[in-house]
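The sequence and the structure are shown first.

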Amino acid sequence: KGEWAWLLDRIFEEGKSLSALDQCITEEIAELGKPGFKHQIVLGLPEAIRDQKDWGELNGRKMDFSTAEDRIAAYKWYVDEVRRRFDLGNYQYIDLAGFYIISEELVTPGDGWNHELKKSDEIIPPLAEYLHAINQSLNWIPYNRAAGYKKWQQLGVDYAYMQPNYFWEGQKSLSQFFSDVKANGLGMEFEFDEALLEGKADCDTYKKRFREYMSGARLNNVYGTKPLSYYHGTNALYDLSKSTAAKDREFYHEFCRFVLDNPMRK
């Protein structure tokens, strides 16, 4: 519990994280104008490790994570504390829209490795029900064909974006990925990192793979119809924007246009 509380303190620290983001938007208004909406924030949920006996106490009772009830109670405590502190933050340009499952697989009986370790089917549905009752969404980003990728909706997840993993593992099948996305109503995550920057080994290969993401999303009618998310490593997008290399600048603007021109934005 002490580590969960540390994380909360970090998220809500003045000048960091949410505070810094709200201030950044405030500063950019001078150049970009006041946004006509509030940016929607989704915050990760710590993993309640099954069978943990020393997490801590709630309401004077020692939690035992071998029981689903205590794991759910810890999640509810965390969610409530996030919402309480978010309200106290009095942010001007951001709203709390939901929470994010850190685990990239949702293990259920017969689907995924070691069901006894996670028992996602005992935890995720009641967590989703609680979040929906307080008008918060539950979000998830599985790796390619991770346990639960076919069951995410019945578990109560609102938005799921599957990773192709092709950017790093070129032997992955993009055609299979798009078939899976469409068959299971999934959104798509677009992955890239600093590997595509000019001067890095095989940067042209990584640029090519990411462009296949964009073209594949268009060809398979994912672009404009399904939610999209973007993972860009540590500072890869920023580094692209500041790069003096012509190929990086071209790629940066190509990617920005892809995001901005998405028909779903309308």
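How do the residues of the lining of the largest pocket divide into nonpolar, polar and charged?

## The largest pocket

The model is a predicted one. In the lining of its largest pocket, 23 residues are nonpolar, 9 are polar and 5 are charged. The volume of this pocket is about 2,600 Å³. Its lining comprises 37 residues, and those closest to the pocket centre are H39, Q40, Y230, H232 and V259.

Several elements give two or more residues to this lining: helix 2 (17-32), strand 1 (39-45), strand 4 (94-101), strand 5 (137-140), strand 6 (159-162), strand 8 (228-231) and helix 9 (246-260). Helix 2 provides the largest share, with 7 residues.

## Aromatic pairs and the aromatic cluster

Across the whole structure, a search finds 23 aromatic pairs. One of them is formed by F190 and Y213, whose ring centres are 6.1 Å apart; because their planes stand at 85°, over the 60 degrees required, the pair is classed as edge-to-face. This pair connects distant parts of the chain, since F190 belongs to strand 7 (residues 187-191) and Y213 to helix 7 (residues 203-219), 23 residues apart. F190 has a relative accessibility of 0% and therefore counts as buried. Y213, also at 0%, counts as buried.

Edge-to-face geometry is likewise assigned to F192 and F251, because their planes make an angle of 75°, with 6.4 Å between the ring centres. Here too the pair links distant parts of the chain: F192 is in the loop between strand 7 and helix 7, F251 is in helix 9, and 59 residues separate them. F192 is buried, its relative accessible area being 0%. For F251 the relative accessible area is 0%, so this residue is buried.

Both pairs contribute to one aromatic cluster, which consists of Y166, F190, F192, F210, Y213, Y223, Y230, F251, F255 and F258. Y230 of this cluster is also listed among the residues closest to the centre of the largest pocket.

## Charges over rings and a buried polar side chain

The charged end of R218 sits over the ring of Y223, at 4.9 Å from the ring centre. Y223 is itself a member of the aromatic cluster. In another contact of this kind, K1 lies over the face of W77, 5.2 Å from the centre of the ring.

Where is Q136 placed? Q136 is in the loop between helix 5 (120-133) and strand 5. With a relative accessibility of 8%, which is under the 20% limit, Q136 counts as buried. Its side chain reaches the backbone nitrogen of G98 at 3.3 Å.

## Enclosed cavities

How many cavities of 30 Å³ or more does a search of the whole structure find? The search finds 2. The largest cavity has a volume of about 90 Å³, and its lining consists of E47, R71, Y75, I101, S103, E105, L106, K118, S120, I123 and I124.

Note on methods. Residues numbered from 1 in each chain as written. Predicted model: local features only at pLDDT ≥ 70, side-chain atom pairs only at ≥ 80, totals over all residues. Heavy atoms only, no water. 1 Å grid on protein atoms, 1.4 Å probe; cavity = no way out; pocket = protein on both sides within 12 Å on 5 of 7 lines; lining within 4 Å. Points joined across faces, edges and corners; volume = space filled by probe spheres on them. Helix = DSSP H or I, 4+ residues; strand = E, 2+ residues; numbered from the N terminus. Nonpolar A, V, L, I, M, F, W, Y, C, P; charged D, E, K, R; others polar. Phe/Tyr/Trp six-rings, centres within 6.5 Å; stacked < 30°, edge-to-face > 60°. Buried < 20%, exposed > 50% of the residue type's maximum accessible area, 1.4 Å probe, protein only. Lys NZ or Arg CZ within 6 Å of the ring centre and 35° of its normal. Polar contact = N/O pair within 3.5 Å; in protein donor to acceptor, adjacent residues only side chain to side chain.
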